[in-house]
Amino acid sequence: MISRLGSFMERFWMVVFIASIAPAGYIWYTKGFYASRDFWLLTSLCLAMWLFRIFTRKRMEAWQRRQEDEGK
């Protein structure tokens with residue numbers, strides 16, 4: 001259950017990151033960087049959360065493998 005939720009959240013942040021690039025780029029192109037900085041902040045936050053989810057998943061998988069190896 002937890003691994004399914006983790007993979008869902010990983011995909012969720014990836015989709016939000018990719019979807020937030022278009023509006024940020026459009027506003028940057030039409031109105032300049034100062035007007036689009038909040039959108040770039042949102043995009044960076046989504047990227048950070050996506051990378052954090054990947055990092056967390058790998059750590060949890062390594063922890064689970066260590067637990068299985070200790071049990072053998």
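So, the backbone oxygen of Phe17 sits 2.9 Å from a polar atom of the Ser20 side chain. That falls under the polar contact cut-off, a pair of N or O atoms within 3.5 Å, where within protein one must be able to donate a hydrogen and the other to accept it, and residues adjacent in sequence count only if both atoms are side-chain atoms. Before I go on: this is a predicted model, where local features need pLDDT of at least 70, side-chain atom pairs count only at pLDDT 80 or more, and totals for chains, interfaces and linings use all residues. Numbering runs from 1 along each chain as its sequence is written, and side-chain values use heavy atoms, with hydrogens and water left out.

Back to Ser20. You'll find Ser20 in helix α1; helices here are DSSP runs (H or I, at least four residues), numbered from the N terminus. Is Ser20 buried or exposed? Buried, because its relative accessibility is 8% and the cut-off for buried is under 20%, with exposed over 50% and partly exposed in between (1.4 Å probe, protein chains only). Leaving aside residues up to four places away in sequence, Ser20 touches Leu42 and Thr43, where contact means heavy atoms within 4.5 Å.

Now another serine, Ser36, which lies in helix α2. Ser36 counts as buried, because its relative accessibility is 0%. Which residues does Ser36 touch, not counting those up to four places away in sequence? Ala24, Ile27 and Trp28.

Staying in helix α2, which covers residues 33–71, there's Arg57. Arg57 has a relative accessible area of 29%, so we call Arg57 partly exposed. Its side chain makes a polar contact with the side chain of Glu10, at 2.7 Å.

Okay, rings. How many aromatic pairs does the structure hold? Five, counting rings of Phe, Tyr and Trp (its six-membered ring) with centres within 6.5 Å; planes under 30 degrees apart are stacked, over 60 edge-to-face, the rest tilted. One of them is Phe8 with Phe12, a stacked pair at 6.4 Å centre to centre and 25° between the planes. Those two are about one helical turn apart, because they are four residues apart in helix α1. Phe8 is partly exposed, because its relative accessibility is 49%. Phe12 is partly exposed too, with a relative accessible area of 36%. Phe12 also pairs with Trp13, this time edge-to-face, at 5.2 Å centre to centre and 75° between the planes. Trp13 itself is buried, because its relative accessible area is 18%. Put together, Phe8, Phe12 and Trp13 make one aromatic cluster.

Leu5, Phe8 and Phe12 make a nonpolar surface patch of about 300 Å². Patch residues have over 30% relative accessible area and no salt bridge, with like charges joined within 9 Å and nonpolar side chains (Val, Leu, Ile, Met, Phe, Trp, Tyr) within 5 Å. A salt bridge puts a side-chain nitrogen of Lys or Arg within 4 Å of a carboxyl oxygen of Asp or Glu.

Conventions:
Areas by Shrake-Rupley, 256 points an atom, 1.4 Å probe, with all protein chains shown as cover.
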